[in-house]
Amino acid sequence: MNLVIVESPAKAKTIKKFLGKDFEVESSYGHITDLAKKDMGVDMKTLEPIYQVSPEKKEVVKKLKSLAKKADIVWLASDEDREGEAIAWHLYNELKLKPESTKRIVFHEITKHAIQNAIQNPRDIDVNLVNAQQARRVLDRLVGFEMSPILWSKVKAGLSAGRVQSVAVRLICEREKEIEKFIPVPVYKVAADFYNKTQNLLKSKLNVDFKEYVQALDFIQRAKGKVFSVSGIETKPGKRTPSAPFTTSTLQQEASRLGFSVSRTMRLAQQLYEAGHITYMRTDSVNLSEEALNSAVKVVTEQFGKEYSQTRQYVTKSKSAQEAHEAIRPTNLAVQVAGSDDAQKKLYHLIWRRTLASQMADAKLERTTIDISNPELKEKFIARGEVILFDGFLKLYQIQNDEDSNEEENEGLLPKVEKGEIVQLKQITGEERFSRPPARYNEASLVRKLEELGIGRPSTYAPTISTIQKRQYVEISDLEPKQRNIRKIILKGEAIKESVEIENYGADRRKLIPTDIGVVVNEFLTGHFPSILDYGFTAKVEEDFDSIAEGNENWKEMLTGFYDDFHPHVEKVKETAERATGERLLGKDPQSGKNVYARIGRFGPMVQIGESDDEEKPRFAGLLKGQQISSLTLEDALKLFELPKHLGEYEGKKVEVNTGRFGPYVKHDSKFVSLKPKEGDEISTITLERAVELIEAKREADRNKYIKAFDTEEPVIEILNGRWGPYLKQGKENYKIPKGTEAEKLTLEEVKKIISEAGTKTKTKTKKK
């Protein structure tokens, strides 16, 4: 018997279809071992990692050991990157496999040909790749476990630091600072609409912008009554070239136009890979195999014609490209639609289009520039446009007409004119425009920046972005538009009209915004650990990992060199660093005359009235969602102390609104109901009527949650429906019901037995507001 071990059940199911009855395919469900939680999981004398089988993987390991003993050959078929190599290595060691009966196989696509080819060409486990993975894991554990406790004591309990995550937060915080410091500079742009002799509209822009309003007005006054003609026509050939096939980062960036987050993109791509639809999804290579190139020629020629086919082999720009040997592409280019749901199908089609377009001919264009002027004016108007002479790869985009690509956008067609032709002026418009600050990062643009700086690798982008959001250092927010006045001048006929209009600006969707905690943590870490948060250092560490993977550097020497400098610095910071709160003085409380501060407290951002060392204790209030220390006003801070706010009475009992650790809520009859900001609920504007709606909705939800109760006991034992299925509740304690148990049929004796056997480890406290 042959035993093939892969990481996931989905991958196992697909591979099983391509192998005969002599092969058993099983899953390890990812890594079977991890660094021990105790004592950092690292031998601090040798920096050797200490591994242990994860508790939830003990049964998996037991089963795999049993199967391995019966097998003639064990095939380790985990992914071909460093993580996959480490999984294979741990399996080899934990299952106590023998070299003569163990084979390592890799493939970058799950197809019959690729699997059979891998079986025919096994190799040994690549220890260099394993060591690179171990070095990353140990170094990140050292950084996290030594820096995080400092954040607990100097900023707030429960925080964490990480080598890559902290640098990602730094990028976002620095961008926010740039935006806060940015001062918009006004400029006046002038445009004109003309008619040619056949009354076709010709749109143009002035070749200069004006810094002052009076300059724009002066030009328009000088242009009034002037006759304009075509003073020059220039036509040049042009072309557009298709982009390279997808790497991990470019797929994440492009898929964001479909509305997919980075983590969702990777989840969908993994599903497509495991189902055999696309090649391996963690790669920084843009290379395509000969087989893929030949397939592209055939598909393009059949669908569009021979003249649309152009074979191209792209060169990877990243000098560290190592995760896989090929770009992300469909395993069969003849298949246009693949995937088990709409999201998978959308992502697959995006990959199919990008791959096929990369092997199509350039689009050929004709670009035209028309100058329109008057001899009495030194300024001139310019109209630009282009004509597609041969659509080439754009034909694929036009056929699909997707919204996710802007590549086919152009400046449009121009009407036919002749040099010297008099054109009729319709109107001239002068409009105030403002320079724009740097754009905030979204997930896709942050990935692009991390890649540009050489920070992280294809396998780390998605986890890094997920981590900084889970830690609440960064949040994804929609930005509401602001308003400002802009000045406008319109010349129509002989009349010049001046006006002031309102412009909306600054609105944006799904941007990464640093939280108050994120800002304070970033300032503390950049101040006390500048080398760890240095972009160059982080990129250099990635290069060291690459060097280890290539066998050019000893991983333990690399770790020792790092830790010998890092640890003494950690000890120094522990001793010398002062507590960081991000404290900001907002002003004085008009009633008491005491100072009002905004700062980070034990439970997050808050406002404080009075000094910590006053005889009379300071008063505290937590910030509401959407409020930030950096922009909070004294007026808004004082309003927080008006809480709890009495709304009225319902059923003879008080209804109050307040805010707690988990956000704003309504309190009635000693019960709490969360407000729903997405439905427009705000603590400052909520009415008694709306509060009653929320109370009744909560009661209805609780009724649906109830299964049965045993009221002979004290306190009462209830069986309730929860987020993860039925559970028992007695007093403040919750207890898990064993899987496969029919909750509604449980007897009192069975319930008591579950509670008595549960033990303290499975009990969870009911959270309070």
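Student: What makes Phe-194, Phe-210, Phe-219, Phe-228 and Phe-381 one aromatic cluster?

Tutor: Rings pair if their centres lie within 6.5 Å. In this predicted model, these five Phe residues form one aromatic cluster. By the pairing rule, the count comes to 15 aromatic pairs.

Student: Why is the pair of Phe-228 and Phe-381 called edge-to-face?

Tutor: Take the general idea first. A pair of aromatic rings is described by the distance of the centres and the angle of the planes. The centres of Phe-228 and Phe-381 are 5.9 Å apart, and the limit is within 6.5 Å. The planes stand at 70°, and over 60 degrees counts as edge-to-face. So the pair is edge-to-face.

Student: How do you know that this pair links distant parts of the chain?

Tutor: Look at the numbering. Phe-228 is in strand E11, residues 228-240. Phe-381 is in strand E13, residues 381-390.

Student: Which strands pair with E13, and in what sense?

Tutor: Strand E12, residues 363-373, pairs with E13 in the antiparallel sense over 9 bridges. Within that pairing, Ile-372 has Phe-381 as its bridge partner. Strand E10, residues 201-206, is joined to E13 by 2 bridges, and these strands run antiparallel too. Pairing needs at least two bridges, and E10 and E13 have 2. Lys-205 stands opposite Ile-382 in E13.

Student: Why is Lys-488 called buried?

Tutor: Compare two numbers. Lys-488 has a relative accessible area of 16%. Buried means under 20%. So Lys-488 is buried. Lys-488 lies in strand E16, residues 482-492.

Student: What does Lys-488 touch, beyond residues up to four places away in sequence?

Tutor: Its contacts include Tyr-213, Glu-431, Glu-498 and Glu-501. Thr-429 and Ser-499 are also among them.

Student: How do you know that the charged end of Arg-487 sits over the ring of Tyr-213?

Tutor: The distance is part of the test. The charged end of Arg-487 is 3.6 Å from the ring centre of Tyr-213, and the limit is within 6 Å. The test also asks for a position within 35 degrees of the ring normal. Arg-487 is listed as sitting over that ring. Arg-175 does likewise with Tyr-441, at 4.4 Å from the ring centre.

Student: What makes a set of residues a nonpolar core, and how many residues has the largest?

Tutor: The residues must be buried, of nonpolar kinds such as Leu or Phe, and joined through side-chain atoms within 4.5 Å. The largest nonpolar core has 138 residues. Phe-107 and Leu-347 have the most contacts inside it. Helix H5, residues 127-154, gives the most to this core, with 10 residues. A second, separate core of 25 residues includes Leu-206, Tyr-213, Ala-216 and Ala-383.

Student: Which residues does Phe-107 contact, leaving aside neighbours within four places in sequence?

Tutor: Among them are Lys-11, Ile-15, Ala-77 and Tyr-273.

Student: Why do strands E19 and E22 stand at the edges of their sheet?

Tutor: The open sheet has 4 strands in the order E19-E20-E21-E22, with antiparallel pairing. E19 and E22 each have a single partner strand, so one side of each is left without a neighbour in the sheet. The twist averages 25° from one strand to the next. E19 and E20 pair over 4 bridges, and Arg-584 stands opposite Ala-598 in E20.

Student: What is the secondary structure of the chain?

Tutor: The chain has 20 helices and 31 strands. Buried residues make up 48% of its 769 residues.

Definitions and conventions
Residues numbered from 1 in each chain as written. Predicted model: local features only at pLDDT ≥ 70, side-chain atom pairs only at ≥ 80, totals over all residues. Heavy atoms only, no water. Buried < 20%, exposed > 50% of the residue type's maximum accessible area, 1.4 Å probe, protein only. Contact = heavy atoms within 4.5 Å. Phe/Tyr/Trp six-rings, centres within 6.5 Å; stacked < 30°, edge-to-face > 60°. Axes fitted to C-alpha atoms, helices over the stretch in contact; angles between N-to-C directions.
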